[in-house]
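Here are my notes for you to read alongside the model. Take the points in order and find each residue as you go.

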Amino acid sequence: MTDLSFGVPIFLALLALLLPVAVWGIIREQRRRRAELAAFGDEALLQSSSALPVGRLRLVGRGLRVGAVALGLVGLARPELGERPSSLARTGRDLLVLLDLSRSMNAGDGGSARSPGNTRLDLAKHAIMSVLATSPGHRVALVVFGGSAFLQLPLTDDHAAFQRFLEAASTDDLGDPATDLSNALAAAATTFEHDGERGYQTVLLVSDGESGEGDVGPALTRLRRAGIPVFAVGVGTPEGAPVPADSTEAPERWHRDHIGRIVVSRLEENELRRAARETQGRYVRWAGDAGRTLGAELGRLETRTISSRESLERIDRFQWPLGLAVLALALEPLIEARRRTRR
């Protein structure tokens, strides 16, 4: 395709509106001036004996000024003519998402006025997609965990497929309803040992932090030695909320412990903070602006070229009308000078 096109055609519409008005204004001014000169005296005699500008030169000067504005609007419309080969590169990192699917993620303290959903799991999914929206170039993978951890989706640059897997994730997917952060972090270290490029790997951990099993120390050591930062997101509230029963058909609404007390789950931040601190990452308790904060932090990390493809791009020709507009503005003072010499 080599035909002429415009990147911002709205300026052509503006030109179509303004140009007739400008021409009408010039014609009206000319008629008014001639009427005033005719009332004052003979125009030819006045031009030969005074400094009044010659009519034709005055008209040329006005035309140059209007032409400069018109050409400027054409330049702003970004005319495009011709094509040239171009290489489109996509840069980012390898981002492994660890999603907590333990029973406590069903607690109902995840909703707020600024974030959708009622459970911690709803909020966790919203948090993950908010972070990815600020970092569209990353390859992403998904690990789900409770008492155990599983790689649900290997690294991919298909964010739509990742979103489908994320939306389908449920606490019913895991047989062990407990929370073990050590297994999740160990799964992340193992995954990155087999996939991804060293130096460009990141972990996004989203959990309520209630981990009563395992020691996260060994897994954090593996991640730290590999140079993999952990960005941890805490969902829920320190005040907590009761945990719903495992099934809607259960005789009671809430889950009870071994002595019959209703289980209240609270956001536990210590292990999440530790994971971020020991791997040079970042911890945030999820709020309305946390996605922008984490996105900015991820944006500061070094990226690599993940994919590139050859394509054709249109060639901008805005320099031509803008150059002619500058020329018209440069000629307009010369016309003024020409007026003064013809008295």
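1. First, the overall picture. This is a predicted model. The chain has 10 helices and 11 strands, and buried residues make up 41% of its 343 residues. Take the contacts between residues at least 6 apart in sequence: 80% of them join residues at least 24 apart.

2. Now look inside. The largest nonpolar core has 30 residues, and Leu99, Phe162 and Leu204 touch the most other members. Elements giving two or more residues to this core include β3, α4, β6 and α9. The top contributor is α4, with seven residues. Nonpolar side chains do tend to be buried together in soluble globular proteins. Pick out Leu204 and you'll find, beyond its close sequence neighbours, contacts with residues including Leu95, Val131, Phe231 and Leu294. There is also another core, apart from this one, with 28 residues, among them Ala141 and Tyr283.

3. Next, the charged pairs. The count comes to 12 salt bridges. In one of them, the side chains of Arg285 and Glu269 meet at 2.9 Å, N to O. Arg285 is in strand β10 and Glu269 in the loop between β9 and α8, so this pair ties together parts 16 residues apart in sequence. Glu269 counts as buried because its relative accessibility is 13%, while Arg285, at 41%, counts as partly exposed.

4. Elsewhere, salt bridges that share partners join Asp215, Arg224, Arg274 and Glu278 into one network.

5. Last, the outside. Leu324, Leu327, Leu331 and Leu334 make a nonpolar surface patch of about 370 Å². Leu334 sits in helix α10 and counts as exposed because its relative accessibility is 55%. A handy reminder: an α-helix has 3.6 residues a turn, so residues three or four places apart point the same way.

How values were computed. Residues numbered from 1 in each chain as written. Predicted model: local features only at pLDDT ≥ 70, side-chain atom pairs only at ≥ 80, totals over all residues. Heavy atoms only, no water. Patch = residues over 30% accessible without salt bridge, like charges linked within 9 Å, V, L, I, M, F, W, Y side chains within 5 Å. Areas by Shrake-Rupley, 256 points an atom, 1.4 Å probe, with all protein chains shown as cover. Salt bridge = Lys/Arg side-chain N within 4 Å of Asp/Glu carboxyl O. Helix = DSSP H or I, 4+ residues; strand = E, 2+ residues; numbered from the N terminus. Buried < 20%, exposed > 50% of the residue type's maximum accessible area, 1.4 Å probe, protein only. Contact = heavy atoms within 4.5 Å. Core = buried A, V, L, I, M, F, W, Y, C linked by side-chain atoms within 4.5 Å.
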